[in-house]
Amino acid sequence: MHDEGGNGDGGGVGAGMDQAFLALERELTVLLRRARAKSGEMARAVHPDLESAAYGLLARLDEAGRLRATELAAYIGVGKATMSRQLRALEHLGLIAREPDPADGRAWLVHLTEEGRARFRAVRDARRVAYVRQLADWDRDEVAQLARLLHQLNRGVEG
């Protein structure tokens, strides 16, 4: 019987595949550790009192505009209590504001203030310049392929 790259255990994952996944896990671990540290730096660049986790909220609000707290919580993957605490902190720092949701008077929409948008975009733009500098010797197609593969990975993580 021919084994299609399996290791004979019926799982269909051979030694080569194991090594590929181990290498992927190792590189993602390094990437995520560095991203967490960088997120903290970027959050403090937006405002010295900003928690690193809040940077992602600012990014989502900049991208999507006005959102309900429940939509933000679902997108980020945290509970309502955690989201409420983070939003209160951002509001206290003057980076976001709340307004009644015209579609549902019981709900609130959250959005970046002008100061929040300006601070966030200044930090984001500086980060993009650093990416361009770091990947300057990469072929543009490689950068596009990396972005496509990361998008594909992120889509799979959502489900």
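Modeller: The secondary structure comes to six helices and three strands. From the N terminus on, the order is α-α-β-α-α-β-β-α-α. Keep in mind that this is a predicted model.

Colleague: What makes a run of residues count as a helix or a strand here?

Modeller: A DSSP run of H or I with at least four residues is a helix, and a run of E with at least two is a strand.

Colleague: How do you know that the length of helix H5 agrees with what its residues should span?

Modeller: Helix H5 covers residues 114–134, which is 21 residues. The expected span is 1.5 Å times one less than that number of residues. That gives 30 Å, and the end C-alpha atoms are 30 Å apart, so the two agree.

Colleague: Which residues of H5 are buried?

Modeller: Gly-116, Phe-120, Val-123 and Arg-124.

Colleague: Why do you say the buried residues of H5 line one face?

Modeller: Look down the axis of H5. Its buried residues fall within an arc of 100°, so they line one face of the helix.

Colleague: What does the face of H5 turned away from the buried side carry?

Modeller: Exposed residues: Glu-114, Val-132 and Arg-133.

Colleague: Why is Gln-86 called buried?

Modeller: The cut-off for buried is under 20% relative accessible area. Gln-86 has 8%, so it is buried. Its place is in helix H4, residues 80–92.

Colleague: What does Gln-86 touch, not counting residues up to four places away in sequence?

Modeller: Glu-51, Ala-53 and Leu-57.

Colleague: Now Val-157. Why does that residue count as exposed?

Modeller: Exposed means over 50%. Val-157 has 60% relative accessibility, so it counts as exposed. Val-157 lies in helix H6.

Colleague: Which residues make the nonpolar surface patch?

Modeller: Leu-31, Trp-138, Val-143, Leu-146, Leu-150, Leu-153 and Val-157. The patch is about 560 Å². Helix H6, residues 140–158, gives the most to it, with five residues.

Colleague: And for the whole protein, what share of the residues counts as buried?

Modeller: Of the 159 residues, 23%. The accessible surface comes to about 11,200 Å², and 54% of that belongs to carbon and sulfur atoms.

Colleague: What share of the contacts with a separation of 6 or more joins residues 24 or more positions apart?

Modeller: Such pairs account for 43% of those contacts.

How values were computed: Residues are numbered from 1 along each chain as its sequence is written. This is a predicted model: local features need pLDDT of at least 70, side-chain atom pairs count only at pLDDT 80 or more; totals for chains, interfaces and linings use all residues. Side-chain values use heavy atoms; hydrogens and water are left out. Buried means under 20% relative accessible area, exposed over 50%, partly exposed in between (1.4 Å probe, protein chains only). The arc is that of the directions from the helix axis to the C-beta atoms. Patches are made of residues with over 30% relative accessible area and no salt bridge: like charges are joined within 9 Å, nonpolar side chains (Val, Leu, Ile, Met, Phe, Trp, Tyr) within 5 Å. Accessible areas come from the Shrake-Rupley method with a 1.4 Å probe; for residues, only the protein chains shown count as cover. A salt bridge is a side-chain nitrogen of Lys or Arg within 4 Å of a carboxyl oxygen of Asp or Glu. Contact means heavy atoms within 4.5 Å.
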